[in-house]
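Please keep the structure in view while going through the points.

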Amino acid sequence: MSVRAFTRIAAGGGGLLAAGFVDRALTPQTRPLSTAAAAAGTLGHIRLYQYQICPFCNKIKALLDLHGLEYETVDVNPLTKKEIKPWSEYRKVPIAVLTPLAGGEPEQINDSPVIAERLLDAIDAAALRPARAAKAFRSPQAMEWAQWSDAKLAVLLFPNITRSFGEAYQAFGYVQDVPHFSTADRLSNQVVGAFAMWMAQGKIKKKYAIDDERQALRGAIRTWVGEGLAGRAFAGGDAPHYGDVCVYGCLRAIDRTAAHAEILDDAPELARWYGRMEEAVGPSKGSYPLEGP
Ligand SMILES: N[C@@H](CCC(=O)N[C@@H](CS)C(=O)NCC(=O)O)C(=O)O
């Protein structure tokens with residue numbers, strides 16, 4: 001496993017859900033479960049190949065969770081990629097595999113914006129929300145924030161969770177909880193992975209012209225709070241739009257790290273919005289597959 005293979009890995013996930021952050025009064029009713037089944041019917045069985053600390057994977061999971069759609073997650077071993085290597089030439093995550101419920105060929109979808117578009121089309125077709133709200137969810141502004149989240153925010157996460165070996169080791173701690181990883185997989189990923197990520201930090205900073213990574217992240221958060229939220233409950237207004245989901249997914253990806261706690265502590269408006277998003281999105285509906293990957 002090369003250092004390079006780790007350089008695209010960013011951020012990852014547990015729960016900084018401080019009850020005080022949740023403003024229940026502002027929580028929108030965005031999950032009519034009766035129609036979620038219709039979207040699931042169109043999409044079939046959803047399996048998502050992921051790293052738990054990948055912002056692009058967490059964006060897709062947040063989109064599924066917000067709409068009450070069930071899915072399976074398969075954690076890919078970042079060192080060996082053995083879960084995807086036998087059948088996929090594309091070696092990044094997320095990869096979605098949709099299997100029709102009535103049987104038939106599974107469909108592989110690579111690249112999070114492509115996956116998201118497919119999910120959004122199915123969600124719209126199932127009329128999970130009224131037409132006007134559906135249009136607002138995918139408004140041009142929402143899509144601009146989605147792009148901003150991928151291009152500006154996601155790239156800042158990696159340098160912020162790998163400033164020292166200890167931080168990188170903490171970020172990779174999730175591998176200890178992946179059911180199908182062997183003890184050797186867990187040890188090698190946490191130690192070698194953390195070391196490689198720590199070593200790659202300078203290179204990534206150079207690539208994206210990042211000087212002080214915390215300052216850059218705080219700057220991005222100020223942009224989101226000032227221009228995205230602009231005093232509203234969500235960037236989408238009273239309910240989240242797709243841009244809210246993308247930014248939330250990015251931040252949820254690193255929720256086990258010190259960087260996550262720090263940026264929420266530093267920005268009370270962000271923390272309140274994050275709490276509202278946690279409430280709206282709910283817990284992850286991802287499960288591990290019954291049979292092996
Ligand atoms: N444009 C892709 C980017 C995906 C990406 O870069 N994923 C990283 C993890 S965050 C990855 O798989 N890197 C390759 C590796 O780990 O070997 C998307 O949005 O899905």
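1. A residue is called buried if 20 or more other C-beta atoms lie within 10 Å of its own, exposed if 12 or fewer do, and partly exposed in between, with C-beta atoms placed from the backbone. Helices (H or I, at least four residues) and strands (E, at least two) are DSSP runs, numbered from the N terminus.

2. The model is predicted: local features need pLDDT of at least 70, side-chain atom pairs count only at pLDDT 80 or more, and totals for chains, interfaces and linings use all residues. Residues are numbered from 1 along each chain as its sequence is written.

3. On confidence, pLDDT is the predictor's confidence in each residue, from 0 to 100. The mean pLDDT of the protein is 87, and 87% of its residues reach 70 or more. Over residues 1-33, however, the pLDDT is below 50.

4. Helix α8 covers residues 213-229, which makes 17 residues. From first to last C-alpha it reaches 23 Å, close to the 24 Å expected at 1.5 Å a residue (the expected span is 1.5 Å times one less than the number of residues). Its buried residues are Glu 213, Leu 217, Ala 220, Ile 221, Trp 224 and Gly 228. Seen down the axis of α8, these fall within an arc of 100°, so they line one face of the helix; the arc is that of the directions from the helix axis to the C-beta atoms. The face turned away from the buried side carries the exposed residues Gln 215, Gly 226 and Glu 227. After α8 comes Ala 230, whose phi is positive, near 45°.

5. What is the order of the strands in the open sheet? The five strands run β4-β3-β1-β2-β5, with mixed pairing; two strands pair if DSSP finds at least two bridges between them. Both β4 (107-110) and β5 (286-287) stand at the edges with a single partner strand, so one side of each is left without a neighbour in the sheet. Strand β3 (residues 95-99) pairs with β4 in the antiparallel sense over four bridges, and Leu 98 stands opposite Glu 107 in β4.

6. Cys 54 lies in the loop between β1 (45-50) and α2 (55-66). Cys 54 is buried, with 28 other C-beta atoms within 10 Å.

Key:
Two residues are in contact if their C-beta atoms, placed from the backbone, lie within 7 Å.
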